[in-house]
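Please keep the sequence and the 3D view open while going through the points.

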Amino acid sequence: MRSTEMEKDIIPDDVALRLQALSERLKQDTEDEEALIERGRLYWALGRRSEAINDYLAARRINPEGKAKELLKATYDILNFYNKDLYNP
């Protein structure tokens, strides 16, 4: 594993390289919906929730009815989950 300039934590080399490639791709085309979604999914898997949400929101601006719409819904469902039994044993 290694850390890249854009990474806050040490992450696997293959993931770091994929993130870097997607970021470079987005520099060339800021409206690449697929790249935004893929990078968002990688960020989510790394626990970098706000960066994932930002990518999903950018993808939704490009295509309001695309895949990002469902990803955002699922993301917010997860973040807003509340189980009263967990707080009242």
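1. Which pattern does the chain follow, read along the sequence? The pattern is α-α-α-α-α. The chain has 5 helices and 0 strands. Here helices (H or I, at least four residues) and strands (E, at least two) are DSSP runs, numbered from the N terminus.

2. A word on the source. This is a predicted model, where local features need pLDDT of at least 70 and side-chain atom pairs count only at pLDDT 80 or more, while totals for chains, interfaces and linings use all residues. Residues are numbered from 1 along each chain as its sequence is written, and side-chain values use heavy atoms, with hydrogens and water left out.

3. Now the whole chain. Of its 89 residues, 36% are buried. Buried means under 20% relative accessible area, exposed means over 50%, and partly exposed lies in between (1.4 Å probe, protein chains only). The chain exposes about 6,200 Å². Carbon and sulfur atoms supply 50% of that area. Accessible areas come from the Shrake-Rupley method with a 1.4 Å probe; for residues, only the protein chains shown count as cover. Take the contacts (heavy atoms within 4.5 Å) with a separation of 6 or more: residues 24 or more positions apart account for 32% of them.

4. Helix 1 covers residues 13–28, 16 residues in total. Its first and last C-alpha atoms are 23 Å apart, close to the 22 Å expected at 1.5 Å a residue. The expected span is 1.5 Å times one less than the number of residues. Which residues of helix 1 are buried? They are V15, A16, L19, L22, S23 and L26. Seen down the axis of helix 1, these buried residues fall within an arc of 130°, so they line one face of the helix. The arc is that of the directions from the helix axis to the C-beta atoms. D14 and Q28 are exposed on the other side of helix 1. Helix 2 is included in what covers the buried residues of helix 1.

5. Look at S23. S23 sits in helix 1. Its relative accessibility is 13%, so S23 counts as buried. S23 and A35 are 12 residues apart in sequence. In space, their C-alpha atoms are 8.1 Å apart.

6. Helix 3 has 14 residues, which should span 20 Å at 1.5 Å a residue. Its end C-alpha atoms are 20 Å apart, which agrees. The buried residues of helix 3 are E51, A52, I53, D55, Y56, A58 and A59. Their cover includes helix 2 and helix 4.

7. D55 lies in helix 3. Is D55 buried or exposed? D55 has a relative accessible area of 5%, so it is buried. Leaving out residues up to four places away in sequence, D55 touches L36, R39, G40 and Y43.

8. Helix 4 runs over residues 67–79 and has 13 residues. From first C-alpha to last it reaches 19 Å, close to the 18 Å expected at 1.5 Å a residue. Its buried residues are A68, L71, L72 and T75. Seen down the axis of helix 4, they fall within an arc of 100°, so they line one face of the helix. These buried residues pack against helix 2 (33–45) and helix 3 (49–62).

9. How do helix 3 and helix 4 meet? Their axes come within 8 Å and cross at roughly 145°. Axes are lines fitted to C-alpha atoms, for helices over the stretch in contact, and angles run from 0 to 180 degrees between N-to-C directions. Helix 3 supplies I53, Y56, L57, A59 and R60 to the contact. Helix 4 supplies A68, K69, L71, L72, T75, Y76 and L79.
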